[in-house]
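Please look over the sequence and the model before reading on.

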Amino acid sequence: MDERKRAILKAVVDSYIQSAEPVGSKALTGLPGLQVSSATLRNEMASLEAMGLLEQPHTSAGRVPTPSGYRVYVDELMQRHDLTVGEQDKLDQVKRLRMAELDSLLNRAGRIIADLTRTVTVAAAGPAVREEQVYVSGEANLFDYPEFQDLLRARRTLEYITEQRAALIRQTPAWERDGIRVVIGPENAAEELSDASVLMATYPMSGGMRGMIGVVGPTRMDYSRMVSRLGYFAEKLKEMTAEEAE
């Protein structure tokens with residue numbers, strides 16, 4: 001894929017993440033690196049569609065990313081997101097937690113991430129994770145996304161997250177970005193998650209255990225921002241557990 005197609009794919013994904021609306025050639029005209037005609041943009045977008053990276057909803061002239069398009073974006077195109085001071089302050093709330101009651105820590109950690117990311121959050125710890133050791137927060141956040149306004153789709157996804165939470169934690173995807181495992185749409189082992197993406201960070205704990213914190217949201221999520229937030233939060237949890245062990 002040449003540089004112009006890469007720039008167009010990145011621009012389409014960035015635009016769609018923000019707007020949730022199919023992206024047409026006019027929306028891309030004049031963007032940095034895309035000083036070409038609308039006709040050229042349309043031809044290039046058609047080529048990206050033929051490559052399976054974009055698709056065109058039946059009711060729109062614009063295009064949206066496919067799961068394969070998101071995968072190329074996550075692995076090759078997205079830029080690193082630097083956390084704002086406000087985001088760091090929010091995530092630093094974990095410093096006020098203590099390891100004395102691990103269950104309370106995991107539950108509170110999940111709520112902090114769910115509140116900041118507006119996603120469903122899962123948190124767990126242990127050598128072998130069981131259902132009752134996985135804490136789910138922010139279930140209502142899923143309904144804020146237009147992709148999950150279909151109540152049957154939202155219910156199917158939420159039921160899997162809450163009832164098969166250990167399986168969700170244990171799945172081992174093939175791709176990783178900045179230490180965060182990223183599973184996009186149909187890459188998920190469970191068909192119930194085919195409309196969702198799962199990002200999972202792990203961190204070492206004392207006693208040979210490992211902790212896990214992750215988010216579940218639509219495939220149209222801000223991957224750069226999510227990866228940065230999860231990575232920062234997991235590092236804070238790692239530092240805290242190391243301090244408690246000393």
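## Basis of the description

In what follows, helix axes are lines fitted to C-alpha atoms over the stretch in contact, and the angles between them run from 0 to 180 degrees between N-to-C directions. The model described here is predicted.

## The pairing of α1 and α4

Two packed helices are described by the angle between their axes and the distance between the axes. The axes of helix α1, residues 3–19, and helix α4, residues 67–77, come within 10 Å of each other and cross at roughly 110°. Because angles of 65 to 115 degrees count as roughly perpendicular, α1 is roughly perpendicular to α4.

On the α1 side, the contact is formed by Arg6, Leu9, Lys10, Val13, Asp14, Tyr16 and Ile17. They meet Gly69, Tyr70, Val72, Tyr73, Glu76 and Leu77 of α4. Sorted by class, the contact of α1 with α4 comprises eight nonpolar residues, one polar residue and four charged residues.

## Nonpolar cores

The largest nonpolar core contains 53 residues. Within this core, Leu28, Leu199, Tyr223 and Phe233 have the most contacts. Helix α9, residues 223–245, gives the most to this core, contributing nine residues.

When residues up to four places away in sequence are not counted, Phe233 touches Leu91, Val94, Ala109, Ile112, Ile113 and Ile213. Another core, of 23 residues, lies apart from the largest one; among its members are Val122, Leu168, Leu193 and Val198.

Strand β3 spans residues 120–125 and is mostly covered, with six of its six residues buried. Both faces of β3 are covered: Val120, Val122 and Ala124 are buried on one side, while Thr121, Ala123 and Ala125 are buried on the other.

β3 runs antiparallel to β8, to which six bridges join it. β3 also pairs with strand β4, residues 135–137, in the antiparallel sense over three bridges.

Asp222 is placed in the loop between β8, residues 210–218, and α9. Leaving out residues up to four places away in sequence, Asp222 touches Ile17 and Gln18. Ile17 is also one of the α1 residues that meet α4.

Asp222 and Gly138 are 84 residues apart in sequence, and the distance between them in space is 17 Å, C-alpha to C-alpha.

Terms used
Residues are numbered from 1 along each chain as its sequence is written. This is a predicted model: local features need pLDDT of at least 70, side-chain atom pairs count only at pLDDT 80 or more; totals for chains, interfaces and linings use all residues. Side-chain values use heavy atoms; hydrogens and water are left out. Helices (H or I, at least four residues) and strands (E, at least two) are DSSP runs, numbered from the N terminus. Angles under 35 degrees count as roughly parallel, over 145 as roughly antiparallel, 65 to 115 as roughly perpendicular and the rest as oblique. Contact means heavy atoms within 4.5 Å. Ala, Val, Leu, Ile, Met, Phe, Trp, Tyr, Cys and Pro count as nonpolar, Asp, Glu, Lys and Arg as charged, and the others, Gly among them, as polar. A nonpolar core is a set of buried Ala, Val, Leu, Ile, Met, Phe, Trp, Tyr and Cys residues joined through side-chain atoms within 4.5 Å. Buried means under 20% relative accessible area, exposed over 50%, partly exposed in between (1.4 Å probe, protein chains only). Two strands pair if DSSP finds at least two bridges between them.
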